There are 2 protein chains.
Amino acid sequence: MNGFRFSAASAQIRQDGRIDVALAVADHPCPVATRFTRNFVRAAPVTLCANRATKRVAQAVLVNSGCANACTGEAGLAATQVTTAAVAKELGIGAELVLPASTGVIGKLLPSDKLVSIVPKLVASLNIGSGADFAQAICTTDKFTKIAEAKVGSAGSVLGIAKGAGMIQPNVGPLDPTTELHATMLVFLFTDVAASAAALDAALEKAVSASFNAISVDGDTSTNDTVIAMASGASGRTPAAEELAQAFTKVCEELAEAMVSDGEGTSHVAELWVRGLATDESARTVARTIANSLLVKTAMCGQDPNWGRWLAAAGRAGVPFDPALAEIRVGGVTIVKNGLGVSDDAEKQAQAFMRAPRYVVELELGAGLGVARYFMCDLGHEYVNVNADYRS
Amino acid sequence: MNGFRFSAASAQIRQDGRIDVALAVADHPCPVATRFTRNFVRAAPVTLCANRATKRVAQAVLVNSGCANACTGEAGLAATQVTTAAVAKELGIGAELVLPASTGVIGKLLPSDKLVSIVPKLVASLNIGSGADFAQAICTTDKFTKIAEAKVGSAGSVLGIAKGAGMIQPNVGPLDPTTELHATMLVFLFTDVAASAAALDAALEKAVSASFNAISVDGDTSTNDTVIAMASGASGRTPAAEELAQAFTKVCEELAEAMVSDGEGTSHVAELWVRGLATDESARTVARTIANSLLVKTAMCGQDPNWGRWLAAAGRAGVPFDPALAEIRVGGVTIVKNGLGVSDDAEKQAQAFMRAPRYVVELELGAGLGVARYFMCDLGHEYVNVNADYRS
């Protein structure tokens, strides 16, 4: 992306020795917009990043995987200060221009000495590194890197890089101006258009609502969720607000769906449409409740169109509707009509769709015009494998 | 229990041929108190039972497993009417005195002909049947029957019979006077004391808050949850209100913990204490969020004192606290103090406790005097086995 350089290296923070530190540096200080977890338990890098981002200007992003540096108190904060300061010094810029983010195990102090010792190499690699290297270094349990790109009208383009496979459930809402909740994820948007921090913020708000706000892997929200958007202005062109919002939305939707597809232990992704509730927000509440139902998720794993579980989950979301009006379709096949199962044949057809890695499930609940789209995934043995022994 | 007779039989509703119909009959019409699921999707037996229970008098309870008769519309309601009418006729009592309950797969119509055909045998067996038979017949995925008994002061005693192993998360709150929410469970309390329906209702309310309202297996709430309490008055003695409440509470707590211990695929149960939030309700919200966190549940399965997950789950419950004040103990061993991990040694000691089938976890959050006790369980491969292929 014009105006940005990237690099990655191994600081031996991860036990497996893979690259675990990523750096992105803009050619000069840039307008920036951010979002952070609304979890009351926040990692040190979130605290420091949110603090620095209040100035709405930044030049570098320093990210590590393998250690969340969360629940590490004053020592954790100091470790993040030391590592970002080392990067700032090597780059010859102010430390307040370096935004940190971390992902990994909670409760483990960031080994700042290890990270500091590879900073010269990291900075020296900026001329040969790529966004792909950056994307690889921030992965934890991710099975693939998450990169998306889009044109911003004719003003330039945006590159999105993300990580996220577990502790994923966005739940947007204002806590204070700089801290809205986002999924268990790290997301970085780099654009070469010219845009003010306010313009970035407005575009990010729209993008996030349609994307990270509408997915769940496991319903858990991290201590480290961070979204950072920076505009280098290298293209020299300023997009219309709507163009920027559309580009951000396109990239964020693609990254969000990638996170669900890469959900820990996931074999199946459902694009869930919930229609016919009083408001869009009600529809989203129902969708989120279905998406996090263990019984729905295990039925998906079993490729079983056990629609009673979908309907029962919808019914416990606290949003009123008349089940006698409910209609459910899987892959376009209607399996429930007027609240009743249609036929064994219909369910067999639906079951065939559920063997696919990705399919569409639609609930029509007949209680209004509210609608929500949500991405969810199944829960199978591999999720247990990944998470029962994560630290050992 | 004095004043009640029990029987059970197989109506071949279950594919495995085990007994699947249970009947309890009082010697004469009794005062009754009930609670039902607050799910907006309610099974036909819930609708009919709630309707009949508004009269606060009943003489018989007819329960089947193997088929929830939920999402079955008018035909489902008719099936429940037909089967309860058959029992009433055989007993020579009014149909409105027979309360139905069902548990099993959603979306399958109750095969009323099968059930009706065994009614004569069911009624004839009342002289030889027992509460244990009743308890066996109502089980679905339960690995053991759930029976508890307690003295009601010196006025008599109460016998509690329950089933429940999945779709378990109580969430009490008034919907209308006859319909408060309870876990994915069926619970029957038979007492021989003399008590009005109002007295039963008051005792049930207290009992339920401390028991079913404070457990979760999987966070899912059923379409069929039903609690029925009946008093035969056979002892001829009327207990004090507090005696009845204590006896009901003792029995319900025992049954509630049994449900979590028998949670589908569960190997470990944690008695979770959350202290130090603004109110008891806030503490319960935090406890429930922890109890339903997939990352906490899988860490329990892995016997891993991964306290960051407990704290992160607490932090996303929407209840404010300062993580820097947090203390966490497992089996009495302090693993987190002032928001920081204590030592690897402490975690190793905690891990030893987590190998046990049941242990205590305590969170002190330092933000008030609110306290909650909650029973939760782990999530492992067996949960996936049970639920990914439940219908096949």
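The buried residues of helix 8 of chain B pack against strand 11 (269-277), helix 9 (294-301), helix 10 (307-315) and strand 16 (370-377) of chain B. Here helices (H or I, at least four residues) and strands (E, at least two) are DSSP runs numbered from the N terminus, and two residues are in contact if their C-beta atoms, placed from the backbone, lie within 7 Å. The model is a predicted one, in which local features need pLDDT of at least 70 and side-chain atom pairs count only at pLDDT 80 or more, while totals for chains, interfaces and linings use all residues. Residues are numbered from 1 along each chain as its sequence is written, and chains are lettered from A and ligands numbered from 1 in the order in which they are written.

Helix 8 of chain B covers residues 280-291, 12 residues in all, and reaches 16 Å from its first C-alpha to its last. That is close to the 16 Å expected at 1.5 Å a residue, the expected span being 1.5 Å times one less than the number of residues. Nine of the 12 residues are buried, so helix 8 of chain B is largely enclosed by the rest of the structure. A residue is buried if 20 or more other C-beta atoms lie within 10 Å of its own, exposed if 12 or fewer, and partly exposed in between, with C-beta atoms placed from the backbone. Among the buried residues are Arg284(B), Val286(B), Arg288(B) and Ile290(B).

Turning to the pair of chains, a rotation of 180° with 0.0 Å of shift along its axis superposes chain A on chain B, with an RMSD of 0.1 Å. This is the relation of a two-fold axis. In chain A, the C-alpha nearest the axis belongs to His381(A), 2.8 Å from it. The superposition is by least squares on the C-alpha atoms of residues with pLDDT of at least 70 in both copies.

The contact between the chains takes 50 residues from chain A and 49 residues from chain B. On the side of chain A that touches chain B, helix 10 of chain A gives the most, with seven residues. By class, this side has 23 nonpolar, 20 polar and seven charged residues; Ala, Val, Leu, Ile, Met, Phe, Trp, Tyr, Cys and Pro count as nonpolar, Asp, Glu, Lys and Arg as charged, and the others, Gly among them, as polar. Of the interface residues of chain A, 98% are also interface residues in chain B, so the copies meet through the same surface.
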